[in-house]
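Reader: Hi! Could we chat about the aromatic side chains in this one?
Author: Happy to, let's have a look together.
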Amino acid sequence: MAAPGETPAAPQPSPQLQSLVRSPGYLGNIQRLFAALPTDVFQRCPDLVAPASAASVLTPVTFAPDGYPVSGTWRQSFPVRGCGNDTTINIFFQAQPDEKIASIVAVPGDTRANLTLQRDALRYAWLGAKAVAPDCTTPHARHTRYDGVVDTARKAWRETWIIAACGRNVAVPITFTPDATGTTISAQMPRPIG
């Protein structure tokens, strides 16, 4: 079992999934997803370094006889360095019974929040960014940093979400506290950085 706020170890990708993530069609989809990212989050430059990605299985992936996945979910994380934003681009995939794959680009970085918590925490992060850059109408989550457990008994953890707010970077500390009804999210005082 994982420590509070930490992601439990995921099963290793099967040889079929490893083959899929190296296939030309899959790689083409990854390129399209990267091309759609805002330049605040990802940009290409001569200094760009992109070590190998890592895939982790979230729910077991099953395959049709033709080799296409028909059920299951996995996440693929792509670390990138250089170009002024060292982070990890996280993409979630869900196999569909019709042999199509749904793709969701999640917030970048090393957040421990699941997709639902990410969506909810983004509202707090954007509100924090608007406190520093009130005229910005298009903030983007640029990076998330897992800061650790802050309350072992309650299994609460803290992260710092870096929001790109129209040319300004804003750090918004966010605490996630699991409780009987789900997880409470609270944001602390945002601060401009860099």
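Reader: Are Trp 74 and Phe 93 buried or exposed?
Author: Both Trp 74 and Phe 93 are buried, where buried means under 20% relative accessible area, exposed over 50% and partly exposed in between, with a 1.4 Å probe and protein chains only. This is a predicted model, so local features need pLDDT of at least 70, side-chain atom pairs need pLDDT 80 or more, and totals for chains, interfaces and linings use all residues. Residues are numbered from 1 along each chain as its sequence is written, and side-chain values use heavy atoms, without hydrogens or water.

Reader: Nice. How many aromatic pairs does a search of the whole structure find?
Author: Six. Rings of Phe, Tyr and Trp (its six-membered ring) pair if their centres lie within 6.5 Å; planes under 30 degrees apart are stacked, over 60 edge-to-face, the rest tilted.

Reader: Why is the Trp 74 and Phe 93 pair stacked?
Author: Their planes are at 20°, with ring centres 5.5 Å apart, so the pair counts as stacked. Ring pairs also join Trp 74 and Phe 93 with Tyr 26 in a cluster.

Reader: And what about Trp 157 and Phe 176?
Author: That pair is stacked too, because the planes are at 15°, with centres 4.9 Å apart. Trp 157 is buried at 6% relative accessibility, and Phe 176 is buried at 0%.

Reader: Switching topic: which residue lies over the face of Tyr 146?
Author: Arg 112, at 3.9 Å from the ring centre. The cut-offs for a charge over a ring are NZ of Lys or CZ of Arg within 6 Å of the ring centre and within 35 degrees of the ring normal.
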